[in-house]
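Here is a brief report on one protein model. Look over the sequence and the fold, then read on.

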Amino acid sequence: MRIKGVKFYENVEDGVLKFAVIISTYHGKWVFCKHRERNTYEVPGGHRETNEDILTTAKRELYEETGALDYEIEPVCAYSVVREEESDEHFQEETFGMLYVADIKELEGELHNEIENILITGKCPENWTYPLIQPQLMKEAIKRKMVKVAEDALAFQ
């Protein structure tokens with residue numbers, strides 16, 4: 001499967017939301033995560049668990065992946081990632097998630113889960129885990145004026 005695009009929605013049915021992604025800042029800088037098993041960086045986020053509302057998913061993932069203890073979190077919009085089968089462009093799959101922004105005020109001193117470390121920076125990393133998805137989510141949050149960052153904040157390191 002290859003990624004065909006990212007779409008944004010004002011409303012989607014709650015039951016179709018599978019992921020929460022949280023564009024996060026700490027003292028005016030971006031927060032990115034590095035998973036223990038990868039050499040790339042990503043925006044905090046993850047899968048919704050059974051019987052979990054999507055805001056709870058976002059808060060749980062933000063804590064698990066950054067150690068955020070005190071923060072303000074707001075929804076931005078729903079989004080989807082459209083994938084198509086490389087051998088059959090007529091077969092497409094659309095997966096939905098909820099995009100949030102969080103302004104982190106306090107971080108725990110130690111990470112406890114699958115994240116090896118976090119990167120707090122004024123610029124985006126060059127080595128994204130999801131380079132065709134997460135930069136688009138960040139641009140959408142900025143376009144909607146949900147995060148306040150320097151003009152060059154989407155520049156790569």
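## The second largest pocket

The second largest pocket has a volume of about 210 Å³. Its lining takes in 12 residues. Nearest the centre of this pocket lie T25, V101, D103, M146 and V147. Two elements, strand 5 and strand 6 (88-107), each give two or more residues to the lining. By class, the lining holds 5 nonpolar, 2 polar and 5 charged residues.

This is a predicted model, and every value here is computed from it.

## The largest pocket

The largest pocket holds about 480 Å³ of space. It is lined by 25 residues, with F19, G46, H47, Y130 and Q134 closest to its centre. Five elements each supply two or more lining residues: strand 2 (17-26), strand 4 (45-47), helix 1 (54-66), strand 5 (68-85) and helix 2 (134-143). Sorted by class, the lining has 11 nonpolar, 7 polar and 7 charged residues.

## Overall layout

The protein has 2 helices and 7 strands. Read from the N terminus, the order is β-β-β-β-α-β-β-β-α. How much of the protein counts as buried? Of its 157 residues, 43% do.

## Nonpolar cores

The largest nonpolar core has 20 residues. Which of them touch the most other members? They are I23, W30, F32, V43, L99, L137 and M138. Strand 2, strand 3 (29-35), strand 5, strand 6 and helix 2 each give two or more residues to this core. Strand 5 gives the most, with 4 residues.

V43 shows what such a core member meets. Setting aside residues up to four places away in sequence, V43 touches V21, I22, I23, F32, E65, W128, Q134 and M138. Of these partners, I23, F32 and M138 are also on the list of core residues that touch the most other members. Another core lies apart from this one and has 17 residues, including A68, I73, Y100 and I104.

## Helix 1 and T57

T57 sits in helix 1. Is T57 buried or exposed? It is buried, because its relative accessible area is 0% and the cut-off for buried is under 20%. Beyond its neighbours within four places in sequence, T57 is in contact with A20, G46, H47, R48, E49 and E52. Two of these partners, G46 and H47, are among the residues closest to the centre of the largest pocket.

## Helix 2 and its end

Helix 2 has these buried residues: Q134, P135, L137, M138, E140 and A141. Q134 is also one of the residues closest to the centre of the largest pocket. L137 and M138 are among the core residues that touch the most other members. Just after the helix, K145 takes a positive phi of about 60 degrees.

## Cysteines

How many disulfides does a search of the whole structure find? The count is 0. C33 counts as buried because its relative accessibility is 0%. C124 is buried too, with a relative accessible area of 1%.

Methods:
Residues numbered from 1 in each chain as written. Predicted model: local features only at pLDDT ≥ 70, side-chain atom pairs only at ≥ 80, totals over all residues. Heavy atoms only, no water. Disulfide = S-S within 2.5 Å. Buried < 20%, exposed > 50% of the residue type's maximum accessible area, 1.4 Å probe, protein only. 1 Å grid on protein atoms, 1.4 Å probe; cavity = no way out; pocket = protein on both sides within 12 Å on 5 of 7 lines; lining within 4 Å. Points joined across faces, edges and corners; volume = space filled by probe spheres on them. Nonpolar A, V, L, I, M, F, W, Y, C, P; charged D, E, K, R; others polar. Core = buried A, V, L, I, M, F, W, Y, C linked by side-chain atoms within 4.5 Å. Contact = heavy atoms within 4.5 Å.
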